[in-house]
Amino acid sequence: MKVLVVGSGGREHALALAIYKSPRCDRLYCAPGNAGTAMIAENVPIAAADIAGMVDFCLKTAIDYVVVAPDDPLALGMVDALAEKGIRAFGPDKRAAVIEGSKVFAKGLMERYGIPTARYRVYDDCVAAYNDVRTAGKYPVVIKADGLALGKGVIIAQSLGEAQDALKSIMEDKIFGASGNRVVIEEFLSGPEVSVLCFTDGKTIVPMVSSMDHKRIYDGDKGPNTGGMGTVAPNRHYTPEIAEECMRTIFRPTVEAMNSEGRTFKGCLYFGLMLTESGPKVIEYNCRFGDPETQVVLPLLQSDLLSVMEAVTDGRLQQAEVRFSPGAAACVVLASGGYPGHYEKGLEITGLQGPFDPAVTVYHAGTALRDGKVVTAGGRVLGISAVGESLPQALERAYAAAEKIAFPGRQLRTDIGRK
């Protein structure tokens, strides 16, 4: 088959590399791709959210299958547009992608169907939202922009002043654009966090290996939220007993709720969970593979990813083989200086040739090719992933490889997996 992967980040490089290895894939394209995907696929200069451009390219190139990886094109209806032209694709349609596209919808869904989550209120007026946090007087408090915000639309305010600043930034300054027209104010939950990605065709649910993301920019979970500074898998807090409880109280009820709403979800449904003293609760849903969770989950996948994806699209996931290796994986993100704030682009990256341990994979995220050199082109530049028989072994391999790669201003967390 001719396969197209939509997107340009580390997640897309990880997906592309797994699909490239599939015997089902004859030719691979990435749009727009990055310097890493250029090594295994033909990069196509089409923006990930350019639905018309993507559909036109698929028709002209006779693409057989499309993997829509980022949230924006999913929420905008790229899978719907492809289906209208008879092009098969992996990912939810627009009606189902709203589970991530609107925090307000997601919280309402959980409330209607009794899916455990944090208590919440919704506001479309900044003054009313501010009065809420001032009157409640309980901190920390979680403030979320309703719409998509590149994984940065969640602010944990430790005081009234921080809450006021967050509400002003989101609702008045519009740092996330129209995504901040409404906010969700939630109670703060505590406990170990777990990310679980699930394949689902709307009938069958197959959880992937669990993982733990590290969102804050600095060691010790300090500083502002990022798109993710590193991940480990599996998550040691996610026991078989908790997995069984999550399937019973969260995973299956969510898929069934979406069916009941006429929004059948087919694709990768991501569950961000908090393991509280009163049981697992949903922090967030994503309508696609997580980033950088994908960079530790896929290296442990033993089955053919493309065949599994096709089974999801065709509604026959129950017959598909989905196996994971029993080891562990770790990913350390190398980010641009200044990220998640302002950062410089176009800086040369050295050391990409290693040599690296065979268990290491260097996933490109914010990279580009310029005059034959690989340069920085985003906030999160590279994800250095490694597998091992144990998590300490995987982490040792990932950090050893990370030390060989350099670019001006490079920053990374040194405590991935420590907790």
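Predicted model: local features only at pLDDT ≥ 70, side-chain atom pairs only at ≥ 80, totals over all residues.
Figure 1. Strands here are DSSP runs of E with at least two residues, helices are runs of H or I with at least four residues, and both are numbered from the N terminus. To count as a pair, two strands need at least two DSSP bridges between them. Look for R370, which sits opposite K373 of β21. Two residues lie between the strands of this hairpin, and D371 has a positive phi near 55 degrees.

**Figure 2. Helix α7 and its buried residues.** Which residues of α7 (residues 126-136) are buried? They are C126, A129, D132 and V133. Buried means under 20% relative accessible area, exposed means over 50%, and partly exposed is in between (1.4 Å probe, protein chains only). The four cover an arc of only 120 degrees around the axis, so they end up on the same side of α7. That arc is taken from the directions that lead from the helix axis to the C-beta atoms.

**Figure 3. D71 and the residues it touches.** D71 belongs to helix α3 (residues 71-76). Is D71 buried or exposed? Its relative accessibility is 10%, so D71 counts as buried. Leaving out residues up to four places away in sequence, D71 touches E100, L148 and R288. A contact here means heavy atoms within 4.5 Å.

**Figure 4. Zooming out to the chain.** The chain has 12 helices and 22 strands, and 57% of its 419 residues count as buried. Its C-alpha trace spans about 60 × 45 × 45 Å along the principal axes. Among contacts with a separation of 6 or more, 68% come from residues 24 or more positions apart.

**Notes.** Residues are numbered from 1 along each chain as its sequence is written, and side-chain values use heavy atoms, leaving out hydrogens and water. Local features need pLDDT of at least 70 and side-chain atom pairs count only at pLDDT 80 or more, while totals for chains, interfaces and linings use all residues.
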